[in-house]
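Biologist: I am new to this structure. Could you take me through its side-chain contacts, one at a time?

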Amino acid sequence: QVQLVESGGGLVQAGGSLRLSCAASGRTISSYAMGWFRQAPGKEREFVADISWSGGSTFYADNVKGRFTISRDNAKNSVYLQMNSLKPEDTAVYYCGRHSSSAYYTWEGYDSWGQGTQVTVSS
(Lines give C-alpha, C1' and ligand atoms only; values in the text may rest on other atoms or scores of the structure.)
Protein backbone atom coordinates (compact mmCIF):
# COMPACT_ATOMS: atom_id res chain seq x y z
CA GLN A 1 0.00 0.00 0.00
CA VAL A 2 1.21 3.49 -0.75
CA GLN A 3 2.29 5.72 2.13
CA LEU A 4 2.04 9.50 1.82
CA VAL A 5 3.96 12.09 3.83
CA GLU A 6 3.18 15.80 3.59
CA SER A 7 5.76 18.45 4.41
CA GLY A 8 6.54 22.11 3.86
CA GLY A 9 3.97 23.74 6.09
CA GLY A 10 4.73 26.50 8.54
CA LEU A 11 3.87 29.97 9.74
CA VAL A 12 3.71 32.71 7.14
CA GLN A 13 2.40 36.25 7.01
CA ALA A 14 -0.57 37.10 4.82
CA GLY A 15 0.60 37.60 1.26
CA GLY A 16 3.47 35.17 1.63
CA SER A 17 4.13 31.84 -0.04
CA LEU A 18 4.71 28.22 0.87
CA ARG A 19 5.43 25.11 -1.15
CA LEU A 20 4.02 21.85 0.15
CA SER A 21 5.34 18.45 -0.82
CA CYS A 22 3.69 15.04 -0.74
CA ALA A 23 6.16 12.18 -0.94
CA ALA A 24 4.88 8.70 -1.73
CA SER A 25 6.54 5.42 -0.89
CA GLY A 26 5.65 1.75 -1.00
CA ARG A 27 3.93 2.01 -4.35
CA THR A 28 4.14 4.25 -7.35
CA ILE A 29 1.46 6.93 -7.67
CA SER A 30 2.17 7.56 -11.34
CA SER A 31 -1.07 5.93 -12.49
CA TYR A 32 -3.32 7.83 -10.06
CA ALA A 33 -4.81 11.26 -9.91
CA MET A 34 -3.78 13.01 -6.71
CA GLY A 35 -5.52 15.63 -4.65
CA TRP A 36 -4.79 18.18 -1.93
CA PHE A 37 -7.36 18.80 0.79
CA ARG A 38 -7.32 20.94 3.89
CA GLN A 39 -9.10 21.01 7.21
CA ALA A 40 -9.38 23.95 9.57
CA PRO A 41 -10.34 23.55 13.24
CA GLY A 42 -14.05 22.87 13.56
CA LYS A 43 -14.47 22.64 9.79
CA GLU A 44 -15.03 19.77 7.40
CA ARG A 45 -12.16 18.67 5.22
CA GLU A 46 -12.42 20.56 1.95
CA PHE A 47 -11.07 20.11 -1.54
CA VAL A 48 -8.18 22.30 -2.66
CA ALA A 49 -6.70 20.95 -5.90
CA ASP A 50 -6.42 17.83 -8.04
CA ILE A 51 -4.02 16.71 -10.73
CA SER A 52 -4.44 13.92 -13.27
CA TRP A 53 -2.15 10.92 -13.40
CA SER A 54 -0.13 12.44 -16.24
CA GLY A 55 -0.13 15.96 -14.86
CA GLY A 56 -1.91 17.16 -17.97
CA SER A 57 -5.09 18.25 -16.23
CA THR A 58 -5.61 20.21 -13.02
CA PHE A 59 -8.63 21.46 -11.14
CA TYR A 60 -8.86 23.95 -8.28
CA ALA A 61 -11.36 25.08 -5.73
CA ASP A 62 -12.65 28.55 -6.56
CA ASN A 63 -11.18 30.12 -3.44
CA VAL A 64 -7.61 29.10 -4.34
CA LYS A 65 -7.71 29.40 -8.12
CA GLY A 66 -5.06 31.77 -9.39
CA ARG A 67 -3.10 31.58 -6.14
CA PHE A 68 -2.29 27.87 -5.77
CA THR A 69 -0.62 25.57 -8.28
CA ILE A 70 -0.61 21.78 -8.05
CA SER A 71 2.10 19.82 -9.83
CA ARG A 72 3.66 16.39 -9.79
CA ASP A 73 6.90 14.66 -10.60
CA ASN A 74 6.17 11.00 -11.21
CA ALA A 75 9.88 10.20 -11.48
CA LYS A 76 10.18 11.35 -7.86
CA ASN A 77 6.84 9.84 -6.85
CA SER A 78 5.83 13.23 -5.46
CA VAL A 79 3.09 15.85 -5.66
CA TYR A 80 3.46 19.54 -4.82
CA LEU A 81 1.29 22.49 -3.95
CA GLN A 82 2.70 25.96 -4.52
CA MET A 83 0.70 28.46 -2.48
CA ASN A 84 1.07 32.16 -3.21
CA SER A 85 -0.73 35.23 -1.90
CA LEU A 86 -1.73 33.35 1.22
CA LYS A 87 -4.65 34.57 3.27
CA PRO A 88 -5.57 33.92 6.91
CA GLU A 89 -8.49 31.80 5.72
CA ASP A 90 -5.96 29.41 4.16
CA THR A 91 -4.92 28.37 7.67
CA ALA A 92 -5.50 24.62 7.97
CA VAL A 93 -3.87 21.24 8.04
CA TYR A 94 -3.15 20.25 4.46
CA TYR A 95 -3.41 16.64 3.33
CA CYS A 96 -2.69 14.82 0.10
CA GLY A 97 -4.55 11.74 -1.03
CA ARG A 98 -4.62 9.25 -3.86
CA HIS A 99 -7.71 9.14 -6.04
CA SER A 100 -9.40 5.82 -5.36
CA SER A 101 -12.96 5.89 -6.73
CA SER A 102 -15.18 7.33 -9.42
CA ALA A 103 -15.76 10.42 -7.25
CA TYR A 104 -13.54 13.46 -7.69
CA TYR A 105 -13.05 16.60 -5.61
CA THR A 106 -14.48 15.10 -2.44
CA TRP A 107 -12.55 13.44 0.36
CA GLU A 108 -14.52 10.22 -0.05
CA GLY A 109 -12.96 9.77 -3.48
CA TYR A 110 -9.41 9.57 -2.19
CA ASP A 111 -7.43 7.32 0.11
CA SER A 112 -3.95 6.74 1.54
CA TRP A 113 -4.04 10.07 3.39
CA GLY A 114 -0.88 11.33 4.97
CA GLN A 115 -0.63 12.84 8.44
CA GLY A 116 -0.94 16.36 7.09
CA THR A 117 1.17 19.48 7.41
CA GLN A 118 0.07 22.60 9.28
CA VAL A 119 -0.17 25.88 7.42
CA THR A 120 -0.77 28.98 9.52
CA VAL A 121 -1.23 32.38 7.90
CA SER A 122 -1.08 35.37 10.20
CA SER A 123 -2.90 38.63 9.55
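Biologist: Is Cys 96 buried or exposed?

Modeller: Keep in mind that this is a predicted model. Cys 96 has a relative accessible area of 1%. The cut-off for burial is under 20%. Therefore Cys 96 is buried.

Biologist: Which residue does a disulfide join to Cys 96?

Modeller: A search of the whole structure finds one disulfide. The S to S distance is 1.8 Å, and the cut-off is within 2.5 Å. The residue joined to Cys 96 is Cys 22.

Biologist: How many residues apart are Cys 22 and Cys 96?

Modeller: The disulfide joins Cys 22 to Cys 96. This pair links distant parts of the chain. Cys 22 lies in strand β3 (residues 18-25), and Cys 96 lies in strand β9 (residues 92-99). They are 74 residues apart.

Biologist: Is the disulfide of Cys 22 and Cys 96 right-handed or left-handed?

Modeller: Look at the torsion about the S-S bond. For Cys 22 and Cys 96 that torsion is about 60°. So the disulfide is right-handed.

Biologist: Now for charges. Which residue meets Arg 38 in a salt bridge at 2.7 Å, N to O?

Modeller: The count comes to five salt bridges. The cut-off is a nitrogen to oxygen distance within 4 Å. At 2.7 Å, N to O, the side chain meeting Arg 38 is that of Glu 46.

Biologist: Is Glu 46 buried or partly exposed?

Modeller: Glu 46 has 33% relative accessibility. Buried means under 20%, and exposed means over 50%. So Glu 46 counts as partly exposed.

Biologist: How many residues apart are Asp 90 and Arg 38?

Modeller: The side chains of Asp 90 and Arg 38 meet in a salt bridge (2.9 Å, N to O). The pair links distant parts of the chain. Asp 90 is in the loop between β8 (78-83) and β9, while Arg 38 is in strand β4 (residues 34-39). They are 52 residues apart.

Biologist: In which strand is Asp 111, the partner of Arg 98?

Modeller: Arg 98 forms a salt bridge with Asp 111, the closest N and O atoms being 3.2 Å apart. This pair links distant parts of the chain, 13 residues apart. Arg 98 is in strand β9, and Asp 111 is in strand β10.

Biologist: On to the rings. How many aromatic pairs are there?

Modeller: Ring pairs link a cluster that includes Phe 37, Phe 47 and Phe 59. Tyr 104, Tyr 105, Tyr 110 and Trp 113 also belong to this cluster. The count of aromatic pairs comes to eight.

Biologist: What kind of pair do the rings of Tyr 104 and Tyr 105 form?

Modeller: Their centres are 5.7 Å apart, and their planes are at 50°. Planes under 30 degrees apart count as stacked, and over 60 as edge-to-face. So the pair of Tyr 104 and Tyr 105 is tilted.

Biologist: Over the ring of which residue does the charged end of Arg 98 sit?

Modeller: Arg 98 is buried, with a relative accessible area of 9%. Its charged end is 4.5 Å from the centre of a ring. That ring belongs to Tyr 32.

Notes: Residues are numbered from 1 along each chain as its sequence is written. This is a predicted model: local features need pLDDT of at least 70, side-chain atom pairs count only at pLDDT 80 or more; totals for chains, interfaces and linings use all residues. Side-chain values use heavy atoms; hydrogens and water are left out. Helices (H or I, at least four residues) and strands (E, at least two) are DSSP runs, numbered from the N terminus. Buried means under 20% relative accessible area, exposed over 50%, partly exposed in between (1.4 Å probe, protein chains only). Rings of Phe, Tyr and Trp (its six-membered ring) pair if their centres lie within 6.5 Å; planes under 30 degrees apart count as stacked, over 60 as edge-to-face and the rest as tilted. A charge sits over a ring if NZ of Lys or CZ of Arg is within 6 Å of the ring centre and within 35 degrees of the ring normal.
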